[in-house]
Amino acid sequence: SSPVAHWQASSLLALLLLLEGGMFSASPPAGLERVFRHIELQQDAFVQTLKEWVAIESDSVQPTPRFRQELFRMMAVAADELRRLGASVDSVDMGSQQLPDGQSLPIPPIILAELGNDLKKPTVCFYGHLDVQPAAWGDGWLTDPYTLTEVDGKLYGRGATDNKGPVLAWINAVSTFQALEQDLPVNIKFILEGMEEAGSIALEELVQKEKDRFFSGVDYIVISDNLWVSRKRPAVTYGTRGNSYFTVEVKCRDQDFHSGTFGGILNEPMADLVALLGSLVDSSGRILIPGIYDHVASLTEEEKNMYKSIDLDLEEYRNSSQVKKFLFDTKEEILMHLWRFPSLSIHGIEGAFDEPGAKTVIPGRVTGKFSIRLVPHMNASVVEKQVTDHHLEDVFSKRNSSNQMAVSMVLGLPPWIANINDSQYLAAKRAIRTVFGTDPDMIRDGSTIPVARIFQEIIGKSVMMLPLGAVDDGEHSQNEKINRWNYIEGSKLFAAFFLEIAKLHE
Ligand SMILES: *[C@@H]1O[C@H](CO)[C@@H](O)[C@H](O)[C@H]1NC(C)=O
Ligand SMILES: *[C@@H]1O[C@H](CO)[C@@H](O)[C@H](O)[C@H]1NC(C)=O
Ligand SMILES: *[C@@H]1O[C@H](CO)[C@@H](O)[C@H](O)[C@H]1NC(C)=O
Ligand SMILES: *[C@@H]1O[C@H](CO)[C@@H](O)[C@H](O)[C@H]1NC(C)=O
Ligand SMILES: [Zn+2]
């Protein structure tokens, strides 16, 4: 098209965007227009930096010396980038990790960085991680996972959305204020780790240790390590489910039996275990453990309304998950059962015969594994009692079995829920309206993200998850990507958030 036509089209678009933005909010806060323009002009440079970070194979899951070296290199590159912003950077030595095979591997340092110390400004602490899940070209990637490759505005590469892109978006926002010599409205602290995908070993201990030093003065904690539930509509995450994981062992003896010589004269451990596992949940998904729903928070009108407006395409969700029918038919019910009601899942049986063929074995000892996702205000130790002392003991004793049963809760991670009326949630909503011209989806996550609760419990300050990636980014899977649009608008979002939280903070 001719340059004139192009100019007309783009100014019409700009006008429309201006009108749309105007419907939601007053004019953007002073100074933001320059910031947004700078981010747009710099976008290729920002993508280039992401490409350099993605090229570092910082896989924390496969415990090999080469990947560990890459992790150390990644943390050093990030520390340099933060120093270039003028931050004071502390790379805290985390010692080493003993592997089950006796090998010892060094743990990458955790970066604690600080920028600004103005008592009149709020202090926002950003958590992110720079390690990634394993990825290999042979696993079904269409491009080399460690070479950031742009196709139709999608930036493919391992770690692009989880979590290198969001960490860089935060850095881009800060560097823009500096490039424009514009006063940064907040003091900023960074905590960046390199072992998140391996269970954040050592993180909690460091947070505890630094509670009264590095974290003193922190007003708000922001995590950007999850995804929207939509392709287009941004989200703010205010809760995650916890998890209590159980094993139940039924034992006759350590060795297996032959069913021809013992079948018919034994209480078989597997029959006991199947009965125990079968007593946990019914076919409508309802958990059958007495008392389990007693402490589940009741549903308020306010919360109910939030599910209605969430941008989730149920049909697409069903199609992409290849499930013919879910237990519930409406978007609201599905979201509530993923986010605010407990669920019980049966995961496996150790010691059972699970090979092909028709072996006539009677397992002598089997261990079933199941877990219950916990929601506010369930308490893991109460759940442990309900499952063990009340329910399973009861079901087992009614069978009159001569076997022994042993139940244990091997993991008890509480749920996390934030107060969505806190200033930083209001600031994030305003920033989203400014950048995206819409209200966010207020969402939770059905899985367990322990860092949020760790920060909230130890530091005692408001925690918010402000994701940048779209629902189809494929974190942890093949062909992980972040859209250029999400990365660049996300950088603007963080810049706008700095201004809004500075205004709202008292
Ligand atoms: C879901 O799959 C059905 C059947 O294949 C198809 O007709 C429909 O268009 C799909 N819907 C979406 C939103 O992808
Ligand atoms: C959970 O319940 C136990 C035992 O009843 C109690 O000691 C503990 O304080 C509770 N924890 C929370 C976080 O409420
Ligand atoms: C277990 O034993 C009790 C008392 O001996 C008997 O009443 C009950 O029917 C038995 N239960 C089963 C499942 O065999
Ligand atoms: C948030 O504030 C609104 C309006 O003041 C109030 O109606 C609502 O109950 C509050 N919600 C929470 C979770 O505190
Ligand atoms: Zn992550």
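## Ligand 2 and its surroundings

In this predicted model, a polar side-chain atom of S381 sits 3.4 Å from an oxygen atom of ligand 2. N379 also reaches ligand 2, with a polar side-chain atom 2.3 Å from an oxygen atom of the ligand. Together with V382, these residues surround ligand 2 (a residue is near a molecule if one of its heavy atoms lies within 4 Å of it). On its own, ligand 2 has 360 Å² of accessible area, and the protein covers 24% of this (areas come from the Shrake-Rupley method with a 1.4 Å probe).

## Ligand 1 and its surroundings

Around ligand 1 you will find E315, E316 and N319. The side chain of N319 has an N or O atom 2.3 Å from an oxygen atom of ligand 1, while a polar side-chain atom of E315 is 2.8 Å from a nitrogen atom of the ligand. Of the 360 Å² that ligand 1 exposes when taken alone, the protein buries 33%.

## Two packed helices

Now look at helix α3 (residues 43–54) and helix α15 (residues 484–504), which pack at an angle of about 110 degrees with their axes 11 Å apart. The two helices are therefore roughly perpendicular to each other (the term covers angles of 65 to 115 degrees).

From α3, the contact uses Q43, D44, F46, V47 and L50, and from α15 it uses R484, Y487 and I488 (contact means heavy atoms within 4.5 Å). By class, five of these residues are nonpolar, one is polar and two are charged.

## About the model

Residues are numbered from 1 along each chain as its sequence is written, with chains lettered from A and ligands numbered from 1 in the order in which they are written. Local features need pLDDT of at least 70, side-chain atom pairs count only at pLDDT 80 or more, and totals for chains, interfaces and linings use all residues, while side-chain values use heavy atoms, leaving out hydrogens and water.

Technical notes. Polar contact = N/O pair within 3.5 Å; in protein donor to acceptor, adjacent residues only side chain to side chain. Axes fitted to C-alpha atoms, helices over the stretch in contact; angles between N-to-C directions. Helix = DSSP H or I, 4+ residues; strand = E, 2+ residues; numbered from the N terminus. Parallel < 35°, antiparallel > 145°, perpendicular 65-115°, else oblique. Nonpolar A, V, L, I, M, F, W, Y, C, P; charged D, E, K, R; others polar.
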